[in-house]
Structures are given as structure tokens and as C-alpha cells.
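Please read them with the model open beside you.

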Amino acid sequence: MIDRFGRDIRYLRISVTDRCNLRCRYCMPDGIQTVSHDDILRYSELLRLVRLFAGLGIEHVRVTGGEPLVRRDVAGFIADIKQTPGIRTVSMTTNGTLLLPYGRALKEAGLDSVNISLDTTDEDLARKITGCSGVVQSVQEGIRLMRELDIPVKLNAVLLRETEKTLPALARFAEEGVPVRFIELMPMGYGREASGLPAGEALRILRSVYPDLRPSAARLGTGPAHYYESARLSAPIGLIDAVSHRFCESCNRVRLTSMGVLKPCLCFEEGVALGALLRSGADDEALRRATEDCIFQKPRQHCFDTPQNMTENKLMSQIGG
Ligand code: SAM
Ligand code: SF4
């Protein structure tokens with residue numbers, strides 16, 4: 001699907017739940033109300049939309065949440081997406097804490113890769129950020145299992161002021177062959193109340209540890225990261241500077257929330273309620289037209305640098321990151 005600015009939209013993120021087993025302060029702190037189960041799209045409804053999107057050119061699907069592994073039988077859902085003609089890859093973004101129990105089922109389902117979110121390797125800091133203990137250890141065990149199962153892993157860390165001293169320890173994963181991407185905190189939901197670290201400052205910290213860190217031509221997946229390499233790293237380090245730099249001209253993605261709203265841009269609440277349309281009895285042709293209209297209207301660029309212009313008030317846990 002080509003939008004009005006000529007961008008070819010091939011990548012879909014599906015949030016399968018707004019629920020989560022962690023309570024990251026910048027995303028879904030304690031006390032957040034969750035959506036009723038009835039309002040979350042069933043797998044059969046999501047699969048109908050995936051088939052329709054695949055017919056319109058979507059090739060890559062990322063399953064996210066909330067925490068996708070808290071939804072029952074997400075592996076079965078992934079196996080079904082993998083069977084959809086036109087879909088080439090299915091990946092997942094997870095907090096990694098439930099990979100140990102579900103990793104083997106994900107492998108059997110045919111999951112192509114996994115992005116694991118871990119903001120720090122310091123267990124005390126992780127507890128302060130996520131509200132839960134033992135997170136670092138369970139994520140490390142999950143990473144080990146994914147590597148044993150030969151499922152490619154990337155690590156994603158949101159750049160927070162409070163974790164800046166621990167960035168070098170996270171970067172060490174890249175010495176062991178796991179790409180690490182540092183992501184600027186976006187002013188979405190509770191992210192507005194947290195204190196982020198600009199990507200430029202993170203790069204300075206990383207250069208103090210890897211003085212030969214230099215831009216790399218590496219491209220991992222279809223995302224917006226800029227990668228860096230060093231003789232001491234066996235995988236690249238990426239920076240995703242969504243806020244301080246724009247990469248909108250090459251944006252190839254749309255998002256489906258757990259309630260079935262198709263969102264063309266993270267910043268704006270505009271989208272089309274495909275779930276409601278589908279439940280009102282719309283046929284495939286009507287759903288297709290609504291999808292095409294939504295994608296055609298995809299905004300030229302986000303406005304994280306002028307948060308007062310943002311119209312999206314949903315939480316990241318509802319949208320899926
Ligand atoms: N629970 C899963 C996880 O944590 O990976 C998937 C959903 S989570 C919303 C997806 C990603 O969004 C995570 O990497 C999380 O750190 C990131 N995220 C949440 N709020 C954010 C914010 N305000 N700015 C930047 N990234 C954010
Ligand atoms: Fe849960 Fe992921 Fe949000 Fe943390 S970032 S609260 S793990 S959805």
C-alpha cells in the first residue's frame with residue numbers, strides 16, 4: 001500500500017493485549033485500568049484483518065502489547081499468522097520475563113525473531129522502573145533460551161536519566177553477539193512524566209567505553225535505528241532517536257491496537273476503528289476501503305518535538321510501542 005507521500009507500507013504492529021505483568025513507570029504504572037476482555041479483538045478477528053492487510057501489501061507483522069506473552073496461546077496466533085499467504089516474517093516485542101515458559105512454543109510456531117525490552121542490567125534499578133523483582137535475571141534466562149533455540153534476539157532499552165550509568169553494562173550484550181538498541185523516551189502517556197536521556201548523550205557515554213565506535217552500514221530489519229560498530233563488539237549498537245531526529249520519510253509501518261483501531265502514526269489519535277466496523281458486520285470490501293483510506297491519510301511526520309500538537313492520549317501499553 002502506498003500512502004499519499006509515496007511511502008510503501010509493509011509493516012504492521014499488532015497489540016494483542018493492553019495487559020502486562022510489569023508496571024514500567026513510563027508506560028503503565030500501577031493503578032491503570034485495563035480494557036474489558038470483550039473489547040479486545042479475538043484471534044479469529046485479528047486473523048481476518050491480517051489476511052486483508054496481507055492482500056494490501058503487508059509482509060511483516062510484529063506482535064506486541066501490553067505484554068503479548070500474557071495473552072493465552074499467543075504462540076498459536078503466531079503460527080496462524082505465519083500461514084497467511086503474503087506474510088513473510090512474524091516477530092515479537094516482549095519484556096522477556098515469560099520467555100522461559102513460552103519460548104519453545106514460539107519456536108514451534110515459527111517466530112522469526114524477538115525484540116526484548118530491558119532498560120538496565122541493575123536488578124534494583126529494574127525493580128524501581130518496572131515495579132517487579134527478579135526482572136533482569138528472568139530476562140537473561142529468556143535471552144539464553146532464545147539463543148539456544150536459534151531465534152534472533154535484539155535488545156531494546158529506553159534511554160532514561162536514571163539508567164545512564166548502567167548503559168555500558170547493557171552494551172556488553174553486543175560484545176556477546178546480541179544487537180542492543182537504545183531508544184529515546186517518547187512523550188507518550190506516562191513517558192511525559194519521566195526523564196529521558198537524549199541519544200547524543202548516550203552515544204557520548206558509549207564512546208567513553210568504545211572509543212572506536214563508528215557508524216555502521218548494518219541494517220537489522222526494517223526499523224529506524226542508526227547502527228554503530230566497534231572492534232570490541234560482535235553485534236552492532238543501535239540508536240533510535242525518534243525525538244531528536246525524524247525518520248518519518250522512510251516510515252513503513254502502521255499499528256493495530258488491541259481494540260482494533262488501525263493507527264497510521266503514533267502521535268495522532270486519528271485512525272480507523274476496524275474492530276468496530278468488523279463487529280458491525282462489514283464485509284471484506286468495506287474493511288479494505290477503510291484500511292486504504294486510513295493508510296492514504298498517514299501524516300507526513302510525527303510531532304514529538306512539539307508535544308503540544310500531539311492528539312494521541314492513549315498509553316503505550318494500549319498502542320503497543
Ligand atoms: N511489553 C512489551 C515490551 O515491553 O517490550 C511490548 C509492549 S511495550 C509498550 C513496547 C516498547 O515500547 C517497549 O520496548 C517499551 O520500553 C517501549 N515504550 C513504552 N513507553 C515508551 C515511551 N514513552 N517512549 C519510548 N518507548 C516506550
Ligand atoms: Fe509492560 Fe512493556 Fe509497558 Fe513495561 S513497557 S509496562 S513491560 S507493556
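1. Ala, Val, Leu, Ile, Met, Phe, Trp, Tyr, Cys and Pro count as nonpolar, Asp, Glu, Lys and Arg as charged, and the others, Gly among them, as polar. On that basis, the shell around ligand 1 holds seven nonpolar, 10 polar and two charged residues.

2. This is a predicted model, in which local features need pLDDT of at least 70 and side-chain atom pairs count only at pLDDT 80 or more, while totals for chains, interfaces and linings use all residues. Residues are numbered from 1 along each chain as its sequence is written, ligands are numbered from 1 in the order in which they are written, and side-chain values use heavy atoms, leaving out hydrogens and water.

3. Around ligand 1 there are 19 residues (one heavy atom within 4 Å). Those that come nearest are Y26, G66, E67, S117 and M186.

4. Polar contacts are pairs of N or O atoms within 3.5 Å. A polar side-chain atom of S117 lies 2.5 Å from an oxygen atom of ligand 1. The backbone also takes part: a polar backbone atom of M186 is 2.8 Å from a nitrogen atom of the ligand, and a backbone N or O atom of G66 is 3.0 Å from a nitrogen atom of ligand 1. The protein buries 93% of the 550 Å² that ligand 1 exposes when taken alone (Shrake-Rupley method, 1.4 Å probe).

5. D73 is not a glycine, yet it has a positive phi of about 50°. D73 is partly exposed at 49% relative accessibility (between 20% and 50%; 1.4 Å probe, protein chains only).

6. D150, also not a glycine, has a positive phi of about 70°. With a relative accessible area of 63%, D150 is exposed (over 50%).

Terms used: A polar contact is a pair of N or O atoms within 3.5 Å; within protein, one must be able to donate a hydrogen and the other to accept it, and residues adjacent in sequence count only if both atoms are side-chain atoms.
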